[in-house]
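Dear colleague,

Please find below the structure that I am handing over to you. My notes on its packing follow directly after it.

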Amino acid sequence: MKPAWDDVNARARGLGTRLLGRARLSRLRSASSLNELVTELEREGYPLVPRGGSPTAFELERSIRRNAQQHLAILARWCGARSRFLRFVFEDEDRRSLRALLRGAVEGVSWERRLSGLVPTPSLGERALEELSRLSSPSEIAATLTAWGSPYGESMRATASKTPVDLFALDLRVNRVFAARAMSGVRCRGRELREIARETIDLENALAAIVLSRHASGVEPEICFI
């Protein structure tokens, strides 16, 4: 029996009114300083903006990241037992986070910069992201994820331990695990969920095709296809 989503759809629409749309983001983009950006966010009624003194960019982003985590947690709570059917939605964020963290470790950027733009999820929360951001290598990230029982960690361990690190191969590992889990999670759960999962995977394949067409590479296209 397919799960019903009418109640979640109605609540999600209400939650969506609190998000910053295109027009509001365009206004925020015109802010000439960090303090002005904070003021504009407060004017928009955006919660969790640091108050008092002059916040740093990292403090402001942490507040925004926590707000995004709160929204996802609310959505998961509304879904209840049905949240397992939306696993691929949350894991799509996890996939982006892991790829960013792996790149940050290879490039040796600061842990704060590695967290830039990442969205915590119920399965990979803020504390987990911060812990992973402080690790010095992809092999440490893979080992930590494995210890946490994450399927992404086990799939990356062999590739992450090689020298030099092949980020392209790690991306493929992450993407393939995500795709397999996405499709298995929505099988027999309704046409709409299957189509969303397939579209997400198709978009990843399209992006890979664009990259390969613009950059000379010895990589066979079939290897990139998920």
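The largest nonpolar core has 40 residues, and those touching the most other members are Trp5, Phe88, Leu102, Leu132, Ile141, Met156 and Leu193. Such a core is a set of buried Ala, Val, Leu, Ile, Met, Phe, Trp, Tyr and Cys residues joined through side-chain atoms within 4.5 Å. Two or more residues each come from H4, helix H5 (87-107), helix H7 (126-133), helix H8 (138-147), helix H9 (151-160), H10 and helix H11 (191-214). H10 provides the largest share, 9 residues. Another core, of 6 residues, lies apart from this one and includes Leu28, Leu41, Tyr46 and Leu60.

The model is predicted: local features need pLDDT of at least 70 and side-chain atom pairs pLDDT 80 or more, whereas totals for chains, interfaces and linings use all residues. Numbering runs from 1 along each chain as its sequence is written, and side-chain values use heavy atoms, without hydrogens and water. Helices (H or I, at least four residues) and strands (E, at least two) are DSSP runs numbered from the N terminus. Buried means under 20% relative accessible area, exposed over 50% and partly exposed in between, with a 1.4 Å probe and protein chains only.

Leucine 193 touches Trp5, Phe85, Leu86, Phe88 and Val186, leaving aside residues up to four places away in sequence; contact here means heavy atoms within 4.5 Å. Over the ring of tryptophan 5 sits the charged end of arginine 82, 5.6 Å from the ring centre. The criterion is NZ of Lys or CZ of Arg within 6 Å of the ring centre and within 35 degrees of the ring normal. The charged end of arginine 95 likewise sits over the ring of phenylalanine 178, at 4.6 Å from its centre.

The buried residues of H4, among them Leu60, His71 and Cys79, pack against helix H1 (6-16), helix H3 (34-43), H5 and H7. Glycine 80, with a positive phi near 60°, follows H4.

The whole structure contains 1 aromatic pair. Rings of Phe, Tyr and Trp (its six-membered ring) pair if their centres lie within 6.5 Å; planes under 30 degrees apart are stacked, over 60 edge-to-face and the rest tilted. Because phenylalanine 58 lies in helix H4 (residues 57-79) and tryptophan 111 in helix H6 (residues 111-114), the pair ties together parts 53 residues apart in sequence.

With kind regards
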